[in-house]
Amino acid sequence: MSNDKQVDSGRRVLLATTCAVGGVAGLATAGAFVSTFQPSERAKAAGAPVEVDIAGMAPGELRTVEWRGKPVWILKRSPEMVAGLPKLDDQLADPKSQRNPDELTPEYARNEYRSIKPEYLVAVGICTHLGCSPTTKLQPGAQPSLPEDWQGGFLCPCHGSTFDLAGRVFKNKPAPDNLQVPRYMFAGDTKLVIGKDEKGEA
């Protein structure tokens, strides 16, 4: 009798151990299986399009969103801001956005506004010199590190490059090119999609 009890006890220990090991292996397999549904780091870095609600933006208001790890500015320009853009052409290094157009300016933004709709600027907020992020200097008038006839725009604090309200770089500055305009489109009157246009995703 005691011999049978010892065998049963041994079997119970073996069975419990086998179940425990099997359970751990099962959880590990399930975890690996579930992880295949998660986006890879490469997919995250590629960046999906970003939708932005622009309803209620006031003239002169700037919003910043992140796309592909970069800051993207959305500026609703006032009528005065829009009217002033053509007056700066002789001060700009590339007023018609002809430098590296395929890389920096989609075809629909190769105009004096660098945008689909004149009142909205959409631009990557990274200086084309060494990758610093310019600061917003939307208020016109003389300010430190800016000319007395400043009409509003952006100033790179690293090396002094200045950009107008269309993201166009001024002459004789370290930045070689205008700010990048990402591919984008309007999805109705109040929604903007960054990273996608009529041709598909960027």
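Helices (H or I, at least four residues) and strands (E, at least two) are DSSP runs, numbered from the N terminus. With that convention, Ser78 lies in the loop between E3 and helix H3 (79-84).

Before I continue, a word on the source. This is a predicted model, in which local features need pLDDT of at least 70 and side-chain atom pairs count only at pLDDT 80 or more, while totals for chains, interfaces and linings use all residues. Residues are numbered from 1 along each chain as its sequence is written, and side-chain values use heavy atoms, with hydrogens and water left out.

Let me turn to the chain as a whole. The protein chain contains four helices and 11 strands. It has 202 residues, of which 33% count as buried, meaning under 20% relative accessible area with a 1.4 Å probe, protein chains only. Among contacts (heavy atoms within 4.5 Å) with a separation of 6 or more, 53% join residues 24 or more positions apart.

Next, the interior. A nonpolar core is a set of buried Ala, Val, Leu, Ile, Met, Phe, Trp, Tyr and Cys residues joined through side-chain atoms within 4.5 Å. The largest such core has 17 residues, and Leu75, Phe154, Phe163 and Leu165 touch the most other members. Strands E3 (70-76) and E4 (120-124) each supply at least two residues of this core. A second, separate core of 16 residues includes Val52, Trp67, Ile74 and Tyr184.

Beyond its neighbours within four places in sequence, Ser78 contacts Pro59 and Gly60.

Conventions: Buried means under 20% relative accessible area, exposed over 50%, partly exposed in between (1.4 Å probe, protein chains only).
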